[in-house]
Amino acid sequence: VTTWFQTAAVPNSLPAPAPSAVNFHGGGPILLLFWEVWCPFCRSELPKVQKLFRKYSASGLVVVGLTKASRRTSDAKIQSLINDFGLEFPMGKEDGQLSRHFRVTGIPA
C-alpha cells in the first residue's frame, strides 16, 4: 500500500502510515474490497460495505478498501468519494502488487 487515506481507521494489525506491505495478523475475518472511483458498481457497493463494517466491526470484522487509482484518478478524488459516502473503514492506494497477489482481474472484487 502506497497511501492510506484514513490512517486513524487502519487497524492495529495493519502498518500505518504508508506501509510498503500489508500484514494481517488480527485473526478475525477480513474483507478486502478492490474498487475504483470511476466504477459505478463500486459506487453502489461501497455504502453496503460501510453498513457491514458498522454492524460487524465490533465483532472483529476488518474491512480494507484498496484502489490502484487508475484512469487519472487523483488522491483528491479518492478522498472526496470517501467523504461523500461517509466511509469509516481504511482505504489504501496500492500499486498493483496486491491485485496481482489476489488475482484480481476485475472490479469490484
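In what order do the 4 strands of the open sheet run? They go E1-E4-E3-E2, and the pairing is mixed. Keep in mind that this is a predicted model.

- E3 and strand E4 (residues 91-93) pair up in the parallel sense, over 3 bridges.
- Across from Met91 in E4 you'll find Gly65.

**The helix on the sheet**
- Helix H1 (residues 40-56) packs on the sheet and touches E2, E3 and E4.
- The direction of H1 makes about 165° with that of E2.

**Aromatic pairs**
- The count of aromatic pairs comes to 2.
- One of them is Phe34 with Phe102: the ring centres are 6.2 Å apart and the planes are at 55°, so this pair counts as tilted.
- Phe34 belongs to strand E2 and Phe102 to the segment after H3, so the pair ties together parts 68 residues apart in sequence.

**The largest pocket**
- The largest pocket has a volume of about 180 Å³.
- It is lined by 16 residues, and the closest to its centre are Glu36, Lys68, Ser99, Val104 and Ile107.
- Strand E3 (62-67) and helix H3 (97-101) are the elements that give two or more residues to this lining.
- By class, the lining splits into 5 nonpolar, 6 polar and 5 charged residues.

Notes
Residues numbered from 1 in each chain as written. Predicted model: local features only at pLDDT ≥ 70, side-chain atom pairs only at ≥ 80, totals over all residues. Heavy atoms only, no water. 1 Å grid on protein atoms, 1.4 Å probe; cavity = no way out; pocket = protein on both sides within 12 Å on 5 of 7 lines; lining within 4 Å. Points joined across faces, edges and corners; volume = space filled by probe spheres on them. Nonpolar A, V, L, I, M, F, W, Y, C, P; charged D, E, K, R; others polar. Pairing = 2+ DSSP bridges. Contact = heavy atoms within 4.5 Å. Axes fitted to C-alpha atoms, helices over the stretch in contact; angles between N-to-C directions. Phe/Tyr/Trp six-rings, centres within 6.5 Å; stacked < 30°, edge-to-face > 60°.
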